[in-house]
Amino acid sequence: MVHLITYDLKSPNDTPDDYKRVIDGLKSVYGTWCHLEKSVWLVSTDQTASEIRDSVKKFLYSSDILFTAKLSGNWAGFNLGPERAGWLNQQTF
């Protein structure tokens, strides 16, 4: 299953080091991922959205915002590039 993870790091905890901490955390938890945009990720996992939330929020501060949802497979993009589009095309929804 493919899930969307989006987050917004709130000032003053939105430095490059803060983003690196979250990115490194996501990569350590999810072996199959696609980094779509600065704070937008897709992960392939059997976890529920709530389980993903609980896994990811340990990398965030209490003022940050997090959203996750399971994707149904009906997607479209613009200027995704071959790597991201290829990752999506290889996934099972």
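Tutor: A residue is called buried under 20% relative accessible area, exposed over 50%, and partly exposed in between (1.4 Å probe, protein chains only). The model is predicted, so local features need pLDDT of at least 70 and side-chain atom pairs pLDDT 80 or more, whereas totals for chains, interfaces and linings use all residues. Residues are numbered from 1 along each chain as its sequence is written, and side-chain values use heavy atoms, without hydrogens or water.

Student: Is Lys20 buried, exposed or partly exposed?

Tutor: The relative accessibility of Lys20 is 48%. That value lies between the limits of 20% and 50%, so Lys20 counts as partly exposed.

Student: Which residue meets Lys20 in a salt bridge?

Tutor: Side chains of opposite charge can pair when their charged atoms come close. A salt bridge requires a side-chain nitrogen of Lys or Arg within 4 Å of a carboxyl oxygen of Asp or Glu. The N to O distance for Lys20 is 2.6 Å, and the residue it meets is Asp24.

Student: How are Lys20 and Asp24 placed in helix H1?

Tutor: Helices (H or I, at least four residues) and strands (E, at least two) are DSSP runs, numbered from the N terminus. Asp24, like Lys20, is partly exposed, with 37% relative accessible area for Asp24 and 48% for Lys20. Both belong to H1, residues 16–29, where they are four residues apart and therefore separated by about one helical turn.

Student: How many salt bridges does a search of the whole structure find?

Tutor: The search of the whole structure gives a count of five.

Student: Within what arc do the buried residues of H1 fall?

Tutor: The buried residues of H1 are Asp18, Tyr19, Val22, Ile23, Gly25 and Leu26. Seen down the axis, they line one face of the helix, and Pro16, Asp17 and Ser28 are exposed on the other side. The arc, taken from the directions from the helix axis to the C-beta atoms, is 160°.

Student: Which residue joins its side chain to that of Ser55 in a polar contact?

Tutor: Ser55 is found in helix H2 and is buried at 12% relative accessibility. Not counting residues up to four places away in sequence, Ser55 touches (heavy atoms within 4.5 Å) Val29, Tyr30 and Gln47. A polar contact is a pair of N or O atoms within 3.5 Å; within protein, one must be able to donate a hydrogen and the other to accept it, and residues adjacent in sequence count only if both atoms are side-chain atoms. The side chain joined to Ser55, at 3.4 Å, is that of Gln47.
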